[in-house]
Amino acid sequence: MIGTVNFVPGDLIKVFQKVVEGEKTRTQIFEGVVLGIKGRGDNKTFTVRKMVGDIAVERIFPVMSPNIEKAEVKSKSKTKIRRAKLYYLRSKIK
């Protein structure tokens, strides 16, 4: 559970997620660009997009999920972002 969001769309973040496999739990890292933040309060979610080879993978994470250990900002955007949702990156990054 993150609680507060300290990143904005366009940032490169690492999301540490707990994954349960049988009786064991492990931490899986999902690293990518934040496309947008949606909702407010406990209902807040954020979308992260990463490239795996030639295939793009997007995941939507709830902020208040108990399966998310933490999310850390790896780097801020190099340019000023003027949009709340960066869905145009889907066609640009291939």
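Select Gln17 first: apart from residues up to four places away in sequence, Gln17 touches Arg26, Thr27, Gln28, Arg59, Phe61, Asn67 and Ile68 (contact means heavy atoms within 4.5 Å). The model is predicted, so local features need pLDDT of at least 70 and side-chain atom pairs count only at pLDDT 80 or more, while totals for chains, interfaces and linings use all residues. Residues are numbered from 1 along each chain as its sequence is written, and side-chain values use heavy atoms, with hydrogens and water left out.

Gln17 belongs to strand 1 (residues 12-21); strands (E, at least two residues) and helices (H or I, at least four) are DSSP runs numbered from the N terminus. With a relative accessible area of 14%, Gln17 is buried (buried is under 20%, exposed over 50%, partly exposed in between, with a 1.4 Å probe and protein chains only).

Next, display the salt bridges, of which there are six (a side-chain nitrogen of Lys or Arg within 4 Å of a carboxyl oxygen of Asp or Glu).

Select Lys76 and Asp11, whose closest N and O atoms are 3.2 Å apart. This pair links distant parts of the chain, 65 residues apart. Asp11 is buried, at 1% relative accessibility.

Move to Glu31 and Lys74, where the closest N and O atoms of the salt bridge are 2.7 Å apart. Glu31 lies in strand 2 (residues 24-38) and Lys74 in strand 5, so the pair ties together parts 43 residues apart in sequence.

Finally, select Arg90 and Glu58, a salt bridge with its closest N and O atoms 2.8 Å apart. Arg90 lies in helix 1 and Glu58 in strand 4 (residues 55-62).
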